[in-house]
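Grab a pencil and open the viewer. Below are a few exercises, each followed by a worked solution.

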Amino acid sequence: MFGLVIWCSGIALELLLLVRGLQGKLFGRYPVFYAYVFFVWMQSLLRFSIYHLRPQLYLPVYWITEYLAILIGCAVVFEIFREGLAAYPGTARMARNLLAFLFVMAVTKALVGTWNDPHWWSATTTIEFERALRTVQSLAIIALVVLFLFYSIPFGRNLRGILLGYGLFVGISVIQLTFVTNDGGRFYTFWTHVSPGSYLGVLGLWAVHLWSYAPNPEPRRAVHLEEQYQKIAAATIRRLREGRGYLAKVVGS
Amino acid sequence: MIGTSSALAGAVVLLVLILVWIRADSKSRHLSAVRDEWLPDQDGPVEKCPPEFVSRIFSSQDLTYISELESPVLKRQFLQERNAVALLWVQQTTAAIRRIMQHHLEASRQNRDIEVAVEVRIFLQYAQLRFICGVLFFLIGLAGPHRLRGMALRADKLTQRVGSVLSEFESGNGTPELDGVRFS
């Protein structure tokens, strides 16, 4: 009964998000995110009906829609990156390099794994594969948040909500998938109740943050864009070196 | 595939980072007005005080003088004051270093010509300085500013000795890999 209530509440909240998105003209601002919410809503309806009408088909439908959701989720992360860093081409370039580095690392790890154990693919369960994908996704979000923090990128309410909600969702998913693969007994049972509840929390968070359109704040002060990067970097390096010299002179003299 | 512990660690880091981000974001919005006040001053030099003047905090001359007065109360008060002044100086220097970095980040985040290698180099330099300030803060709290100078001098002598031993070794073996390495 409790599970059914959560399921129906999730579908209702997803619908509310879509309706508010239409009313507030947020669809055009964040098309990928709303495509994701629309997909998740359709997925919930499909799973709900398949579960009650054709239970034997539930498992394949579940996994197909789950992997499609991960794929669209990656596009949501890309949208956060694109929208959040639109006014900051320098940070965007750093983010592209960092994400490319993470991607190469993940592919290399997978290749090394295949080289060491060519049969790992057949031995890996769908849950383990999803966990690996979600972990890579969470690493990408970590990298982005670190850059946002480091470069003090200001975020509007909408984009902050999308990143916050999706980051929480991915983090909780990884924890859940880890305990599912481990079959951790009592904690696993406890987690099966926490997880759907947390998803409702994420939907609530999105509903609050995306209730109406809130633009991203403009960069705080005008920077002399004509100033060459090399000049800026050289000045910073020189000043940091001076700082080090000053410290050494004070303590060592 | 990705191991259980690394997946869990990744998830926990993500959740913690999101919390940190929320805190930092709300804090930055609260402080934006305050920050704007010191923005015009942020191009100022790190050294607000001349090093000769600040180095007196770390010198043992004043402590020797106070010790000669043979007043334990005065000596305790003097040590407390000196500690507080030294810690404040480290905090001010840290803030100045942070301002330099903040100024750089604000300028470079909007610059299309940004170079990853240069940014990494600057970050490492900045991290090193922050680390030194952290160690200084810790050591001042632990041993006091006047002992810190002695420790710094001893460390300097030790690195010079290691440097000379290595340069002897280098000249004996003629290792070109060590060319350009400085020990100071």
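**Exercise 1.** Which residues make a nonpolar surface patch of about 400 Å²?

*Solution.* First, the ground rules: this is a predicted model, where local features need pLDDT of at least 70, side-chain atom pairs count only at pLDDT 80 or more, and totals for chains, interfaces and linings use all residues. Residues are numbered from 1 along each chain as its sequence is written, chains are lettered from A and ligands numbered from 1 in the order in which they are written, and side-chain values use heavy atoms, with hydrogens and water left out.

Now the patch: A:Phe103, A:Val104, A:Val107 and A:Leu111 make it. To join a patch, residues need over 30% relative accessible area and no salt bridge, and nonpolar side chains (Val, Leu, Ile, Met, Phe, Trp, Tyr) are joined within 5 Å. A salt bridge here is a side-chain nitrogen of Lys or Arg within 4 Å of a carboxyl oxygen of Asp or Glu. Areas come from the Shrake-Rupley method with a 1.4 Å probe, and for residues only the protein chains shown count as cover.

Next, zoom in on A:Phe103, found in helix α4 (residues 89–116) of chain A. Helices are DSSP runs (H or I, at least four residues), numbered from the N terminus. A:Phe103 has a relative accessible area of 58%, so it is exposed (over 50%; buried is under 20%, partly exposed in between).

**Exercise 2.** Is A:Gln43 buried or exposed?

*Solution.* Start with its place, helix α2 (residues 31–53) of chain A. The relative accessible area of A:Gln43 is 9%, so this residue is buried. Then look for its partners: leaving aside neighbours within four places in sequence, A:Gln43 is in contact (heavy atoms within 4.5 Å) with A:Thr65, A:Glu66 and A:Ala69.

**Exercise 3.** Describe helix α5 of chain B.

*Solution.* Chain B has six helices and zero strands. Just past the helix, B:Gly144 takes a positive phi of about 90°.

**Exercise 4.** What is B:Trp89 in contact with, leaving aside its neighbours within four places in sequence?

*Solution.* From chain A, the list has A:Tyr246, A:Leu247 and A:Val250. From chain B, B:Trp89 is in contact with B:Val54, B:Phe58 and B:Leu136.

Conventions: Helix = DSSP H or I, 4+ residues; strand = E, 2+ residues; numbered from the N terminus. Expected span 1.5 Å × (residues − 1). Patch = residues over 30% accessible without salt bridge, like charges linked within 9 Å, V, L, I, M, F, W, Y side chains within 5 Å. Buried < 20%, exposed > 50% of the residue type's maximum accessible area, 1.4 Å probe, protein only.
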